Every structure is written in structure tokens, then in C-alpha cells.
Amino acid sequence: MVELVNAERAKVGCSPLTVNAKLTKAAQAHSEDMAAHANMSHTGSDGSAPGDRITRAGYDWSSYGENVAYGYATPEAVMAGWMSSPGHKANILDCGFKEIGVGLAQPNDYWTQDFGAAQ
């Protein structure tokens, strides 16, 4: 997934993202929450917003973004969906983001990408 993101970023001159364990923790926890409640949303079952979850995971951000999706069986399929959506594509191609975390949970392939730039 990160290779696919970085390939898209390279096309527009953005630096590659590096994987951050805290963003990965936040993304995986959100994917698991969405799967457990069969609800794809940027709002967690506890009412949390992406910034809340990223902060809770210990990431000290100056900016962040989040993409969510479900029902895509492969990284290539979900990336194609996100790149076809202006808002999701904007997150992927935001040169201000420096790090990424990715989560995937079952059933039904709940995906989360959390992007960040640290303080």
C-alpha cells in the first residue's frame, strides 16, 4: 500500500512517505473499530475524530489527513477508488504530509490511511 501511495506522489513531485508506527496504530485501531461496528466513517464508535485518534496513539501532529474505505479486496483496488475521489486523492498527493500509517481489518476489508506531519 505504501509503495502504491509513494508511486502516485512521485508522479506529482512529492517526497515519499515513511511509515510511522503511531500512525499505523491509529489506522489499524480505526479499521478494527469500523469492522466491529460494520460502519465506515471518519467518526469512531466512541465519537472520536481522526485527530483525536492520532493524538491518542501518541502522534504529535502539525497536520493530518485520513482516508477510509471498505469492500476493496486488494491494495490496488482501494487505491484506484481513492485516486478516483478528489478528496481522497488530495490527501494522497498532499506534499505537506511526511508520514503514513495503514490499517486493514476484516470482515469486509475496512481500510484506513492516516497521514501526518509531525510537530
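Start by selecting Arg 56. At 53% relative accessibility, Arg 56 is exposed. (Exposed means over 50% relative accessible area, buried under 20%, and partly exposed in between, with a 1.4 Å probe and protein chains only.) This is a predicted model: local features need pLDDT of at least 70, side-chain atom pairs count only at pLDDT 80 or more, and totals for chains, interfaces and linings use all residues. Residues are numbered from 1 along each chain as its sequence is written, and side-chain values use heavy atoms, with hydrogens and water left out.

**Stop 1: salt bridges**

(The term means a side-chain nitrogen of Lys or Arg within 4 Å of a carboxyl oxygen of Asp or Glu.) Arg 56 sits in helix 3 (residues 50-56), while Asp 46 is in the loop between helix 2 (21-37) and helix 3, so the pair ties together parts 10 residues apart in sequence. (Helices, H or I of at least four residues, and strands, E of at least two, are DSSP runs numbered from the N terminus.) Asp 46 is exposed as well, at 52% relative accessibility.

How many salt bridges does a search of the whole structure find? The search finds three.

Next, select Arg 53 and Glu 66. The closest N and O atoms of this salt bridge are 3.0 Å apart. The pair links distant parts of the chain: Arg 53 is in helix 3 and Glu 66 in strand 2 (residues 61-70), 13 residues apart. Are these two buried or exposed? Arg 53 is buried, with a relative accessible area of 7%. Glu 66 is buried too, at 6%.

Now go to Lys 11 and Glu 8. Their side chains form a salt bridge at 3.4 Å, N to O. Both residues are in helix 1 (residues 2-11); because they are three residues apart, about one helical turn separates them. Lys 11 is exposed, with a relative accessible area of 64%.

**Stop 2: the disulfide**

Select Cys 14 and Cys 95. A disulfide joins them, with S to S at 1.9 Å. (The cut-off is a pair of cysteine sulfur atoms within 2.5 Å.) By this rule the count is one disulfide. Look along the S-S bond: at -80°, the link of Cys 14 and Cys 95 is left-handed. Cys 14 lies in the loop between helix 1 and strand 1 (18-19), and Cys 95 in the loop between helix 5 and strand 3, so the pair ties together parts 81 residues apart in sequence. Check the surroundings of each end. Cys 14 is buried, with a relative accessible area of 7%. Cys 95 is partly exposed, at 36%.

**Stop 3: aromatic pairs**

For the rings, the rule is this: those of Phe, Tyr and Trp (its six-membered ring) pair if their centres lie within 6.5 Å; planes under 30 degrees apart are stacked, over 60 edge-to-face, and the rest tilted. The count by this rule is three aromatic pairs. Select Trp 61 and Tyr 64, an edge-to-face pair with 4.6 Å centre to centre and 80° between the planes. Trp 61 is partly exposed at 27% relative accessibility. Tyr 64 is also partly exposed, at 31%.

Then select Phe 97 and Phe 115. Their ring centres are 5.6 Å apart and their planes at 20°, so the pair is stacked. This pair links distant parts of the chain: Phe 97 in the loop between helix 5 (86-92) and strand 3 (99-105), Phe 115 in strand 4 (residues 110-118), 18 residues apart. Both Phe 97 and Phe 115 are buried.

**Stop 4: the cavity**

Select His 30, Asp 33, Met 34, His 37, Asn 39, Thr 43, Gly 44 and Ser 45. These residues line the largest cavity. (On a 1 Å grid over the protein atoms alone, a cavity is a set of points where a 1.4 Å probe fits but cannot get out; lining residues have an atom within 4 Å of a point.) Its volume is about 40 Å³. (Volume is the space filled by probe spheres set on the points, with grid points joined across faces, edges and corners.) A search of the whole structure finds one cavity of 30 Å³ or more.

**Stop 5: Ala 38 and the annotated span**

Move to Ala 38, in the loop between helix 2 and helix 3. Ala 38 is exposed, at 60% relative accessibility.

Last, select residues 2-115. UniProt places the feature "domain: SCP" here, in an unreviewed entry. (UniProt positions follow the numbering used here, feature names are shortened, and annotations may be inferred rather than shown by experiment.) The end C-alpha atoms of residues 2-115 lie 11 Å apart, and the span is 44% helix and 22% strand.

Methods. On a 1 Å grid over the protein atoms alone, a cavity is a set of points where a 1.4 Å probe fits but cannot get out, and a pocket is an open set with protein on both sides within 12 Å along at least five of seven lines; lining residues have an atom within 4 Å of a point.
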